[in-house]
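Reader: I would like to go through this structure with you. Shall we take the surface, then the helices, then the salt bridges?

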Amino acid sequence: MGSPGPAMAPGGIDPLPAPDTPPAPASPAPPARGLSAWALALAQWPMATRIALLALVPMLLLVASGGLWLRGQMHQSLLGGFEQVLREKAQRVGVRLQQGPNGELREATGGADEFSAIYAGWYWRAQAGGQVLRSRSLWDMDRLPTAPEPVRGSALLHLATGPLQEPLLSLTLPIPLGQPPTPVALTVYGPAAQLQTSMRQIDHTLVVAGLVLMVLAGGLAWLQVRVGLAPLRRLEALLAALRAPQGDGPDVAAHLAAPTGRDLQPLQSELAGLLAHNAHVVARARAHAVDLNHALKKPLALLSAQASARPQVPSGEVRQQVEAMAQLVDRYQARTLSDALHAHPGAAGQAVDVRDCLSQVVRMMQRLHAAQELDWALDDRTAGRLLWRGEQADLQEVLGNLLDNAGKWAASRVRLTLSRQEGADRPGLRLDIEDDGPGMTAEQLQSAGQRGVRFDESVQGSGLGLAIASQIAQAYGGQLQLDKSEALRGLRVRLELRGLVRAEHRPAG
């Protein structure tokens, strides 16, 4: 019989080490990347990829670690059962071992068993000092190649190679013989092919189960990304639809009212408010341009008429019209800047003293309409100091337009009534301006407030005063109402301005 060589043993049992095999050179480890670099690279990936990775990577680690732990437990259980079988056979062989008169080892005669047939796969070998006794199944083999290290998962089993190059597992136990007891090292070998097949089946089952579990986890992660990010895609589609040309343009608030989910509802509301405010700012900017266009037409028409009537236009007339146009440009530029400064109406600027602002505008109107000798009466129905949160320039603008319009049409009297408007959501400011002029008809009241509409060309103006006042009132959540004055029989204009309004009572004394 030739000497058997080492054999490979799959299924988790370590093979016999090849003699004189130089260890493979270790490959250099790649340089470690910093956490910040990984975070930066991860932040550049799409949100769906990041969500899927955050779901799959922990699942992969859990499946891998759980599979390895379960594999080790099952291998250990199989090896423990095989070790128990070898231990029982070693005890049965130890009962048959005897010590002769001269101290030699010998085996008691008995019936045939698994150790009787030559190369049957079950072997034993007993050694006491220099004496060696082996089973009949080993025939002429004195020693079987055995790995010095125990197999993985057992502390006593060693991998060995049988006479037919079959894989074996060996267990060595000390057996005491004779009086006084002599220690005998008994090694029992058993076939490991079936055990290795069972281990390979366990490994295969665990790998397939892990792959199936990861495929299911990947499908669930994909479904989670699709369902979880669906509201974002719907919101993206809504915003894309707003950018598409659609005639006069869709209503932003109505267009963004489509449901996108409870989680994105705050973001959707904020976007709707922002887009509505931007649309409002753009509309006001266009209105400013239209107002400036209408306001500049009159001085330009006067200059054109002067140039057509005579070959030379007086320099004083030209200078007067140029100054008027410059004032108009400065006025609308300031209004446009005021719109751009605050994020939404009523949120910028410090509190404005309404009574002081109204008094300044009334004094200016008294000087402007001094030739008419009008009676300007103020009926203040508020107590203490009345403060309003808004832009002082806007309040002066709307008051100036309304009082100037009343001064132009009044016969002798203009009455102003200042009061507070108590609303359900927040209080507001109310100002009634009445005059004893001719008033307006029902048709005129319906068309009043449109840009450039004038009812009497003999009265100086551009027809923009009521339109500008209405626009400012709407910007602060208020309104402008025109009807007939019951007391003075002329026109009554009611101005309502929302915003933070509070009355501060002055201390007594």
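Reader: Which residues form a nonpolar patch on the surface, and what accessible area do they have together?

Author: This is a predicted model. The nonpolar patch on the surface is formed by Trp45, Leu53, Val57 and Leu61. Together their accessible area is about 350 Å².

Reader: Where is Trp45 found, and is Trp45 buried or partly exposed?

Author: Trp45 is found in the loop between α1 (35-43) and α2 (47-96). Its relative accessible area is 36%. Buried would need under 20%, and exposed over 50%. Trp45 is therefore partly exposed.

Reader: Are α2 and α3 roughly parallel or roughly antiparallel?

Author: The axes of α2 and helix α3 (residues 193-228) come within 9 Å. They cross at roughly 165 degrees. Angles over 145 count as roughly antiparallel. So α2 and α3 are roughly antiparallel.

Reader: Is the crossing of α2 and α3 left-handed or right-handed?

Author: The two helices are the pair whose axes come within 9 Å. As α2 passes α3, the crossing is right-handed.

Reader: Which residue forms a salt bridge with Asp203, and how many residues apart in sequence are the parts that the pair ties together?

Author: The partner of Asp203 is Arg71, with the closest N and O atoms 2.9 Å apart. Asp203 lies in helix α3 and Arg71 in helix α2, so the pair ties together parts of the chain separated in sequence by 132 residues.

Reader: Which of the two counts as buried, Asp203 or Arg71?

Author: Buried means under 20% relative accessible area. Arg71 has 23% relative accessibility and counts as partly exposed. Asp203 has a relative accessible area of 17%. The buried residue is Asp203.

Reader: How many salt bridges does the structure hold?

Author: The bridge between Asp203 and Arg71 is one of them. Another joins Arg385 and Asp353. The structure holds 15.

Reader: How far apart are the closest N and O atoms of Arg385 and Asp353, and which strands do the two residues lie in?

Author: Arg385 and Asp353 form a salt bridge, and their closest N and O atoms are 3.1 Å apart. The pair ties together parts that are 32 residues apart in sequence. Arg385 lies in strand β11 (residues 385-389), and Asp353 in strand β9 (residues 351-353).

Reader: Is Asp353 buried or partly exposed?

Author: Asp353 is at 13%. The cut-off for buried is under 20%. Asp353 counts as buried.

Reader: What separates the C-alpha atoms of Asp356 and Arg385?

Author: Asp356 is found in helix α8 (residues 354-368). Asp356 is partly exposed, with a relative accessible area of 44%. Asp356 and Arg385 are 29 residues apart along the chain. Their C-alpha atoms are separated by 9.5 Å.

Reader: Which residue forms a salt bridge with Glu496?

Author: The closest N and O atoms of this pair are 3.7 Å apart. Glu496 sits in strand β15 (residues 491-497) and its partner in strand β13 (residues 428-435), 66 residues apart. Glu496 is buried, with a relative accessible area of 8%. The partner is Arg430.

Reader: What is the distance between the C-alpha atoms of Ala120 and Ser137?

Author: Ala120 lies in the loop between β2 (105-107) and β3 (123-128). Ala120 is partly exposed, at a relative accessible area of 38%. Ala120 and Ser137 are 17 residues apart along the chain. Their C-alpha atoms are separated by 6.0 Å.

How values were computed. Residues are numbered from 1 along each chain as its sequence is written. This is a predicted model: local features need pLDDT of at least 70, side-chain atom pairs count only at pLDDT 80 or more; totals for chains, interfaces and linings use all residues. Side-chain values use heavy atoms; hydrogens and water are left out. Patches are made of residues with over 30% relative accessible area and no salt bridge: like charges are joined within 9 Å, nonpolar side chains (Val, Leu, Ile, Met, Phe, Trp, Tyr) within 5 Å. Accessible areas come from the Shrake-Rupley method with a 1.4 Å probe; for residues, only the protein chains shown count as cover. A salt bridge is a side-chain nitrogen of Lys or Arg within 4 Å of a carboxyl oxygen of Asp or Glu. Helices (H or I, at least four residues) and strands (E, at least two) are DSSP runs, numbered from the N terminus. Buried means under 20% relative accessible area, exposed over 50%, partly exposed in between (1.4 Å probe, protein chains only). Axes are lines fitted to C-alpha atoms, for helices over the stretch in contact, and angles run from 0 to 180 degrees between N-to-C directions. Angles under 35 degrees count as roughly parallel, over 145 as roughly antiparallel, 65 to 115 as roughly perpendicular and the rest as oblique. A crossing is left-handed if the near helix is turned anticlockwise from the far one by less than a right angle, and right-handed if clockwise.
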